[in-house]
Amino acid sequence: YYSNIVINGNANLIADASAIGYVAGAEGRGAVNRDPGNVPKTGSWDSIYVAYGTATNDYSLTVLSDGNNFSGNGFYTPDTNVNIKAGIKEGYVFDSWSSSHIELIANTKDSNTSFIMPQNDATVTANWTPAVYDIDYRTNGGALNGSENNTYTFGSQYTLPIPTWSGNVFQGWYTDALFSGDPVTEIRSSSVGNKTLWAKWN
């Protein structure tokens with residue numbers, strides 16, 4: 001356990017014979033220094049925690065992710081099995097985890113996996129790739145020439161193809177079968193999700 005004392009940063013700590021060491025930092029997080037003279041003093045006043053009992057160092061795990069609701073950040077003792085989650089990122093699919101401790105990640109291709117804490121601070125990073133969505137063309141009697149894309153990728157704009165139907169005039173693609181609203185001519189780069197498009201003719 002830790003007992004908090006505050007000392008003048010320019011003064012020397014007097015060793016406590018019953019202490020196992022001294023720690024500088026919030027709530028005693030950090031390496032235990034057995035020599036009080038080795039405790040870092042970074043300001044005119046420092047919070048110093050006197051450690052008693054069995055020395056166990058906690059280390060920092062940083063999870064870097066652009067996703068929402070990611071988790072795993074914190075301080076952990078070595079060999080702790082930590083659950084790490086990449087969260088969800090709109091328009092992207094999880095690709096993999098990367099880290100200088102890659103061998104400690106249970107499954108680098110799983111967005112919800114575990115990490116074995118090493119005996120030092122560590123960082124794991126979630127990597128993402130743009131999502132690919134389907135396009136379903138309902139030509140309603142018309143035809144496409146076969147060169148159209150049946151998928152689109154998030155982040156890329158796609159101009160919709162123009163179908164043909166002998167004796168009829170194409171009036172545009174619509175996002176519902178009742179042809180509500182205005183016709184669409186493209187799928188914007190910010191669009192997400194599978195698309196179904198209906199062709200309208202006069």
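Modeller: Asp136 and Arg138 form a salt bridge, with their closest N and O atoms 2.9 Å apart. A salt bridge here is a side-chain nitrogen of Lys or Arg within 4 Å of a carboxyl oxygen of Asp or Glu.

Biologist: What should I know about the model and the numbering?

Modeller: This is a predicted model, where local features need pLDDT of at least 70, side-chain atom pairs count only at pLDDT 80 or more, and totals for chains, interfaces and linings use all residues. Residues are numbered from 1 along each chain as its sequence is written, and side-chain values use heavy atoms, leaving out hydrogens and water.

Biologist: Is Asp136 buried, exposed or partly exposed?

Modeller: Partly exposed, because its relative accessibility is 32%. Buried means under 20% relative accessible area, exposed over 50%, partly exposed in between (1.4 Å probe, protein chains only). Arg138 is also partly exposed, at 36%.

Biologist: How many salt bridges does the structure hold?

Modeller: Three. One of them pairs Lys89 with Asp66, closest N and O atoms 3.3 Å apart. Asp95 also bridges to Lys109, at 3.8 Å between the closest N and O atoms.

Biologist: Why does Lys109 count as exposed?

Modeller: Because its relative accessibility is 55%.

Biologist: New topic. Which residue's backbone oxygen lies 2.9 Å from a polar atom of the Thr139 side chain?

Modeller: That of Gly142. Thr139 itself counts as buried, since its relative accessibility is 18%.

Biologist: What is Thr139 in contact with, leaving aside neighbours within four places in sequence?

Modeller: Leu144, Trp173, Ala199 and Trp201. Contact means heavy atoms within 4.5 Å.

Conventions: Polar contact = N/O pair within 3.5 Å; in protein donor to acceptor, adjacent residues only side chain to side chain.
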